[in-house]
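Here is a quick tour for anyone meeting this protein for the first time. Have a look at the sequence and the 3D view, then read on.

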Amino acid sequence: MTDERSEEVQSEPPAAEQAESETPVAAEAAESVSAETEAPQTEAAETDVAEAEQPVESVAEAAPELTLGSGPPAEIDEAAQPHVKPVIRGKVDQFGVAMGTGRRKSAVARVRIKDGSGDFTINGRQVEDYFRTERDRRLVEAPLRAAAEQGKVDVWVRVNGGGTTGQAGAIVLGVARALQVRDPGLHQALSAGGYLTRDDRMVERKKYGFRKARRSFQFSKR
């Protein structure tokens with residue numbers, strides 16, 4: 001029995017010899033795989049190194065120069081922009097008298113303007129006699145000063161309704177519209193001053209259960 005076992009042991013090759021015989025084949029396969037995987041990584045690393053070694057001046061030259069906020073402003077082509085024709089609310093009669101109507105609150109003013117020496121009449125009275133405060137007088141004459149027509153035209157106004165402030169605002173709008181229809185070239189000057197804008201603010205109505213529009217009755221605890 002002992003001899004048989006010794007023969008079997010001698011007939012089988014040792015495990016170390018098998019491992020040594022298989023090692024060259026496995027090593028060659030592993031080296032080929034590692035070479036294939038390391039090739040792209042090596043190329044990428046070489047590219048990074050080349051970029052890092054590139055001088056700063058060349059990189060700055062390759063990068064586009066930022067010009068935000070520098071240089072002359074862009075020219076605006078006025079001919080390409082759409083031209084909006086101003087709306088003219090007024091008319092000129094056969095005698096060359098310009099007519100305009102203005103409204104403010106509940107006041108309505110009908111204005112007539114013609115060439116003259118600067119006479120300003122409101123309801124048959126001079127402007128200094130009709131408006132006692134300097135603020136109202138300067139307000140109704142403001143469109144004439146903006147259009148540089150003060151002292152060159154005669155203004156006739158018929159106004160009714162409202163109070164002093166409402167009538168002054170109505171006259172301003174009526175005079176501005178009459179000047180605009182008389183000379184459309186004055187539209188820019190009158191519009192810049194806001195004289196052609198209708199002020200649509202009105203008195204708020206009284207509500208039920210309130211003393212005024214928003215004023216409540218006095219509260220009594222007892």
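## Salt bridges

A salt bridge here is a side-chain nitrogen of Lys or Arg within 4 Å of a carboxyl oxygen of Asp or Glu. With that in hand, meet a linked trio: R104, D199 and R201 form a network of salt bridges. Searching the whole structure turns up eleven salt bridges.

Before going further, some ground rules: this is a predicted model, where local features need pLDDT of at least 70, side-chain atom pairs count only at pLDDT 80 or more, and totals for chains, interfaces and linings use all residues. Residues are numbered from 1 along each chain as its sequence is written, and side-chain values use heavy atoms, with hydrogens and water left out.

## Three pairs up close

How covered are the partners in these bridges? For that we need three words: buried is under 20% relative accessible area, exposed is over 50%, and partly exposed is in between (1.4 Å probe, protein chains only). Take R125 and D129, whose side chains meet in a salt bridge at 3.5 Å, N to O. R125 is partly exposed at 37% relative accessibility, and D129 is partly exposed too, at 32%.

R135 and D136 also pair up, with their closest N and O atoms 3.5 Å apart. Here D136 is buried, with a relative accessible area of 3%, whereas R135 is exposed at 54%. Then there is K207 with E204, where the closest N and O atoms of the salt bridge are 2.5 Å apart. K207 counts as partly exposed at 24%, and E204 does as well at 39%.

## The overall layout

Stepping back, the protein chain has seven helices and six strands. These are DSSP runs numbered from the N terminus: helices are H or I with at least four residues, strands are E with at least two. Along the sequence the order is α-α-α-β-β-β-β-β-α-α-β-α-α.

The chain has 222 residues, and 23% of them count as buried. It exposes about 16900 Å², with carbon and sulfur atoms supplying 52% of that; the areas come from the Shrake-Rupley method with a 1.4 Å probe, and for residues only the protein chains shown count as cover. Contact means heavy atoms within 4.5 Å. Among contacts between residues at least 6 apart in sequence, 67% join residues at least 24 apart.

## A look at T121

T121 belongs to strand β4, which covers residues 120-122. Is T121 buried or exposed? T121 is buried, with a relative accessible area of 15%. Setting aside neighbours within four places in sequence, T121 touches Q126, V155, W156 and V157.

## The largest pocket

On a 1 Å grid over the protein atoms alone, a pocket is an open set of points where a 1.4 Å probe fits, with protein on both sides within 12 Å along at least five of seven lines; lining residues have an atom within 4 Å of a point. The largest pocket holds about 220 Å³ of space, where grid points are joined across faces, edges and corners and the volume is the space filled by probe spheres set on the points. It has 13 lining residues, and R104, G169, V172, T197 and D199 are the closest to its centre.

Which elements give two or more residues to this lining? They are β2 (98-104) and α6 (164-182), with α6 providing the largest share, four residues. The lining divides into four nonpolar, four polar and five charged residues. Nonpolar covers Ala, Val, Leu, Ile, Met, Phe, Trp, Tyr, Cys and Pro, charged covers Asp, Glu, Lys and Arg, and the others, Gly among them, are polar.
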